[in-house]
Amino acid sequence: MKNKEEQTAPKLRFKGYTDAWQQGKLGDLGSVAMNKRIFKHQTTPIGEIPFYKIGTFGKQADSYISHELFEEYKKNYPFPKKGDLLIAASGSIGKIVEYRGEKAYFQDSNIVWLDHNEKVLNSYLKAYYQIIKWSGIEGTTIKRLYNKNILKTKICFPSIKEQKQLGILIQKLEFLITLLQRKKAKYEELKTALLQNLFPEKDSRVPLLRFKEFHNDWQQKKLETITNITMGQSPNGSTYSEIPTKYILVQGNADLKNGWVTPRIWTTQMTKQAKKGDIIFSVRAPVGKVGKTNYDVVIGRGVAAIKGNDFLFNVLKKLDKESYWDKVSSGSTFSSITSSDLKNTKIKIPQEIEQVKIGDLFFNFDETINILQKQLSKFENFKQFLLQNMFI
């Protein structure tokens, strides 16, 4: 099998293209450019034109320059064209932000771009930069991307026509990924708002928002009076295995992924057990993280098993979001809570039928968020597959 340097065409290609790709260095295509230096005394914390330093690159600016200075420097010194790709030369080395023509200024030497000829399109470069290996920094502890590194970096590229199609393909995938990310974030924001409003505040017995058929006050009770709690006990370390054996072992938050137990370690010794459908609660750093189990599992001392419905599951998640466990946890090396701490935790609960309706609502939100995450992962993996197989 040919290595990348010997390849003249990618593994996958649009129909109709057979020409060999060109190979060279970024320095063959252009030169590194940057804005003229801005000094601290020329900036203000509030102003007209955002000035992006490496710490705020791709984020919200915290410094500004005057409109007059911006126009003067833009006219007389190097300035990116719309579509140019700004590169982080320090900090998050290689991070790329597309300049979209907005009024903004960028820190010299730390934020640069390739002022290139017409042999490559920016849309192609934007995709290629995601798989590029910057010269001289691979496998090193270098914390800076110097101009010489950029110019010596190797690049392969096809005809302009093929570049355009590749750029459009990756751009469309990224657009879909962005839409899914935003949709997922909206559901998560709405869920967070509901967590705040469908449960009573500290000094209240009724929530701000409620299903219209319910009117009774909620009751405050200790957790141990409404459910069964089993504290974990770790098996002997000699019984552990990373290869599936007799029992799945849940030791802590590392065994939870997206709110569910994800098998990671197994054991042949039965100590304490959680049954399928139980809530898994982390009692050691980080205290208060919760998940569910779809399996019968052995639980180590880092977790507890709680019998409960989706309502109780979300009560515990709400307590975690409110940093409740930080107030009761202890430990000089890392935080933890005792069996007594957990069992004596006071929560407010409504009648069972209202619990079910609230639990079902949050279950549906979680299902939707999980579906969106799976779709997101699918598109992200597909994008990586294309980057690895349609580019050299």
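Biologist: Is S323 buried, partly exposed or exposed, and what is its relative accessible area?
Modeller: In this predicted model, S323 is partly exposed, because its relative accessible area is 34%. That value falls between the 20% limit for buried and the 50% limit for exposed.

Biologist: Where does S323 lie?
Modeller: S323 lies in the loop between helix 7, residues 310-321, and helix 8, residues 324-328.

Biologist: What is the phi of S323?
Modeller: Phi of S323 is near 60 degrees, which is a positive value in a residue other than glycine. N258 also has a positive phi, near 55 degrees, and is likewise a residue other than glycine.

Biologist: Where is N258 found, and is N258 buried or exposed?
Modeller: N258 is found in the loop between strand 14 (256-257) and strand 15 (260-261). N258 counts as exposed because its relative accessibility is 55%.

Biologist: Turning to the peptide bonds, which residues does a cis peptide bond join?
Modeller: A cis peptide bond joins A285 and P286, with omega at about -5 degrees. P286 has its place in the loop between strand 18 (279-282) and strand 19 (290-292).

Biologist: Next, N110. Why does N110 count as buried?
Modeller: N110 counts as buried because its relative accessibility is 13%, and the limit for buried is under 20%. N110 lies in the loop between strand 7 (105-106) and strand 8 (111-116).

Biologist: What does the side chain of N110 make a polar contact with?
Modeller: The side chain of N110 makes a polar contact with the side chain of S90, at 3.1 Å. Leaving aside neighbours within four places in sequence, N110 is in contact with I54, I87, A88, A89, S90 and R144.

Biologist: Strand 7 came up there. What is the order of the open sheet of three strands?
Modeller: The order of that open sheet is 4-3-7, and the pairing is mixed. Strand 4 and strand 7 stand at the edges with a single partner strand each, so one side of each is left without a neighbour in the sheet.

Biologist: In what sense do strand 3 and strand 4 pair?
Modeller: Strand 3 and strand 4 pair in the antiparallel sense, over three bridges. One of the residue pairings is that of P50, whose bridge partner in strand 4 is Y64.

Biologist: What is found in the loop between strand 3 and strand 4?
Modeller: T56 is found in that loop, between strand 3 (49-52) and strand 4 (63-65). T56 counts as buried because its relative accessibility is 8%. Not counting residues up to four places away in sequence, T56 touches F51, A61 and D62.

Biologist: Is L26 buried or exposed?
Modeller: L26 counts as buried, because its relative accessibility is 0%. The place of L26 is in helix 1, residues 26-29.

Biologist: What does L26 touch?
Modeller: Not counting residues up to four places away in sequence, L26 touches L114, L125, Y129, I132, W134, I150, L151, T153 and I155.

Biologist: How many residues apart in sequence are L26 and F311?
Modeller: L26 and F311 are 285 residues apart in sequence, and 57 Å apart in space from C-alpha to C-alpha.

Biologist: Finally, the surface. Which residues form a nonpolar patch there?
Modeller: L12, F382 and F385 form a nonpolar patch on the surface, and together they have about 270 Å² of accessible area. F382 lies in helix 10, residues 352-389. F382 counts as partly exposed because its relative accessibility is 41%.

Methods:
Residues numbered from 1 in each chain as written. Predicted model: local features only at pLDDT ≥ 70, side-chain atom pairs only at ≥ 80, totals over all residues. Heavy atoms only, no water. Helix = DSSP H or I, 4+ residues; strand = E, 2+ residues; numbered from the N terminus. Buried < 20%, exposed > 50% of the residue type's maximum accessible area, 1.4 Å probe, protein only. Polar contact = N/O pair within 3.5 Å; in protein donor to acceptor, adjacent residues only side chain to side chain. Contact = heavy atoms within 4.5 Å. Patch = residues over 30% accessible without salt bridge, like charges linked within 9 Å, V, L, I, M, F, W, Y side chains within 5 Å. Areas by Shrake-Rupley, 256 points an atom, 1.4 Å probe, with all protein chains shown as cover. Salt bridge = Lys/Arg side-chain N within 4 Å of Asp/Glu carboxyl O. Pairing = 2+ DSSP bridges.
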